[in-house]
Amino acid sequence: MKQNIYFVGAGGIGMAALERYFLAKGCKVAGYDRTPSELTDSLIAEGAEIVFTDDTATIPADCRDPATTLVVYTPAIPADNHILTFFRKGGFEVVKRAVVLGKITRSSKALCFSGTHGKTTTSSMAAHILTVQGTGCNAFLGGVLRNYGSNFLLSPASMYSVVEADEYDRSFHQLTPYVAVVTATDPDHLDIYGTEEAYLESFAHFTELVQPGGALLIHTGLKLKPRPAEGVKVYTYSRDEGDFHAAYIRRGLGVITFDFVYPDGIIRNISLGVPVEINIENAVAALAAVYLAGDFDPVRAREAIGTFMGAERRFQKLYEGEGANGKRVVIDDYAHHPDELKASIRSVRELYPGHRLTVAFQPHLYTRTRDFADGFAEALSMADEVILLDIYPAREEPIPGVTSQIIFDRIKNVEKKQLIMLKDLIPTIKSCNFDILLTAGAGSIGVEAAKIPAALAK
């Protein structure tokens with residue numbers, strides 16, 4: 001293993017987990033990102049050297065030798081980035097993040113969680129179960145776990161790794177799972193795949209990568225046609241049916257409790273630490289994956305689900321207080337696909353029946369807005385009031401005619417709807433007479449949402 005690791009796109013949540021992994025291995029870790037953030041601040045405090053200027057002069061001396069330096073980059077980095085170009089032309093080993101994760105999965109028993117949505121929560125739950133059991137794991141996650149304050153868990157003696165298997169840019173094709181999970185295959189990333197058929201084919205190829213002797217766990221009812229290798233056992237799961245499912249679900253007083261049905265029996269009275277409807281299904285997937293990995297303690301697993309606090313920005317309650325109409329609550333969620341947004345809004349409605357719901361949503365990517373404008377509008381029409389923000393572009397250049405307006409015009413039957421810029425979010429919310437506020441999106445809205453509690457306190 002090379003001792004110097006340079007990350008181009010060092011501020012990404014997935015990259016951060018690898019940076020922490022190599023820091024724990026005693027490697028020199030450096031990198032570049034476009035803008036500083038709380039995450040890059042944390043990484044710098046932990047020992048990484050990160051710069052925010054695309055200038056080759058900022059590359060540390062230790063990272064200028066191709067013989068001792070590995071360069072890891074994210075596909076979100078533009079091809080004309082000066083630092084990345086320097087490494088490519090200089091004879092360095094330059095690989096995508098997924099290639100490094102792939103090497104880790106081949107040297108461990110890897111639990112790999114894929115799907116359009118649910119990856120972060122299910123993989124985080126599984127990592128927490130293994131940790132609470134005492135089994136341990138090395139976990140590379142797409143969200144910061146509130147139980148641990150990190151998206152990376154280290155357990156050098158454990159044979160297990162837990163990986164969020166990202167379908168963007170076909171990254172998950174680099175992995176070699178021992179247990180592979182597919183949570184959902186609703187079309188996404190059509191800028192990469194073009195068609196639903198190509199998207200489904202990508203997942204089908206992922207199912208071929210499971211090690212013989214391993215297991216494939218698939219949500220019931222998917223269009224996916226899996227192609228597991230010989231010697232791989234295939235199982236199904238969902239909330240209500242399949243080889244693994246929930247039974248005797250009880251809800252009340254902000255608590256959700258259920259029984260977990262699996263091939264060896266039933267674990268009774270599991271209470272969700274994050275009592276949201278979709279987490280019943282997420283917990284079933286996580287419990288099933290750990291069971292299929294071969295090291296499962298039913299008593300400690302029940303405890304783990306009950307103490308799981310969730311990942312940041314996954315249906316995270318930011319504020320609870322009193323307003324003119326009684327209870328006021330602010331919830332922040334990473335939902336950035338129409339089906340995720342619908343599920344998030346539905347969960348709020350179930351948790352707070354009879355309360356007026358305001359949704360502030362920031363579309364993520366021009367291509368996703370273009371491809372799913374109808375679906376986003378349908379989801380937002382489930383709210384009482386909508387605050388729609390301008391598109392967060394991330395890696396993309398603008399597309400003519402594609403703005404938040406194409407969603408806004410399709411939103412129907414809400415009491416009020418507004419189209420605003422991100423900078424106006426806090427003032428708009430302060431003047432808004434909401435009961436329950438849901439902020440949603442995968443972009444910079446999360447940073448603004450974190451400011452809302454202080455703004456309301458004033």
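Helices α5 and α8 lie oblique to each other, in a model that is predicted. Two packed helices are described by the angle between their axes and the distance between the axes. For α5 (residues 119-133) and α8 (residues 278-293), the axes come within 8 Å and cross at roughly 50°. Angles under 35 degrees count as roughly parallel and angles of 65 to 115 degrees as roughly perpendicular, and α5 and α8 are therefore described as oblique. The crossing of α5 and α8 is right-handed.

On the α5 side of this contact stand Thr 121, Thr 122, Met 125, Ala 126, Ile 129, Leu 130 and Gln 133, and these meet Asn 279, Asn 282, Ala 283, Ala 285, Ala 286, Leu 287 and Val 290 on the α8 side. Sorted by class, the residues of the contact of α5 with α8 comprise 9 nonpolar and 5 polar ones, with no charged residue.

A second pair is formed by α1 (residues 13-24) and α4 (residues 97-106), which pack at an angle of about 50° with their axes 11 Å apart. For α1 and α4, too, the description is therefore oblique, although their crossing is left-handed. Here Gly 14, Met 15, Leu 18, Tyr 21 and Phe 22 in α1 meet Arg 97, Val 100, Leu 101 and Ile 104 in α4. The contact of α1 with α4 holds 7 nonpolar residues, 1 polar and 1 charged.

Which residues touch the most other members of the largest nonpolar core? They are Leu 111, Phe 244 and Phe 260, in a core that counts 77 residues. The largest share of this core, 12 residues, is supplied by α8, the helix that also packs against α5. Leaving aside residues up to four places away in sequence, Leu 111 touches Leu 130, Tyr 160, Ser 161, Val 162, Val 163, Val 179, Ala 289, Val 290 and Ala 293. Two of these neighbours of Leu 111, namely Leu 130 and Val 290, also belong to the contact of α5 with α8. Another core, of 43 residues, lies apart from the largest one and includes Ala 10, Ala 16, Leu 43 and Phe 140.

Several single residues can be set beside these larger features, and their relative accessibilities are listed here.

| Residue | Relative accessibility | Class |
|---|---|---|
| Gly 91 | 58% | exposed |
| Ser 155 | 18% | buried |
| Tyr 248 | 58% | exposed |
| Asn 413 | 78% | exposed |

Gly 91 sits in the loop between α3 (82-89) and β5 (93-96). Although Gly 91 and Pro 66 are 25 residues apart in sequence, their C-alpha atoms are 6.3 Å apart in space.

Ser 155 is also in a loop, the one between β8 (150-153) and β9 (160-164). Why is Ser 155 counted as buried? Buried means under 20% relative accessible area, and Ser 155 falls into that class because its relative accessibility is 18%. With residues up to four places away in sequence not counted, Ser 155 touches Thr 135, Gly 136, Cys 137 and Asn 138.

Most residues other than glycine have a negative phi. Tyr 248, by contrast, has a positive phi near 50°, and this residue lies in strand β13 (residues 245-252). Asn 413 likewise has a positive phi, near 60°, and is found in the loop between α12 (405-408) and β20 (416-420).

Terms used
Residues are numbered from 1 along each chain as its sequence is written. This is a predicted model: local features need pLDDT of at least 70, side-chain atom pairs count only at pLDDT 80 or more; totals for chains, interfaces and linings use all residues. Side-chain values use heavy atoms; hydrogens and water are left out. Helices (H or I, at least four residues) and strands (E, at least two) are DSSP runs, numbered from the N terminus. Buried means under 20% relative accessible area, exposed over 50%, partly exposed in between (1.4 Å probe, protein chains only). Axes are lines fitted to C-alpha atoms, for helices over the stretch in contact, and angles run from 0 to 180 degrees between N-to-C directions. Angles under 35 degrees count as roughly parallel, over 145 as roughly antiparallel, 65 to 115 as roughly perpendicular and the rest as oblique. A crossing is left-handed if the near helix is turned anticlockwise from the far one by less than a right angle, and right-handed if clockwise. Contact means heavy atoms within 4.5 Å. Ala, Val, Leu, Ile, Met, Phe, Trp, Tyr, Cys and Pro count as nonpolar, Asp, Glu, Lys and Arg as charged, and the others, Gly among them, as polar. A nonpolar core is a set of buried Ala, Val, Leu, Ile, Met, Phe, Trp, Tyr and Cys residues joined through side-chain atoms within 4.5 Å.
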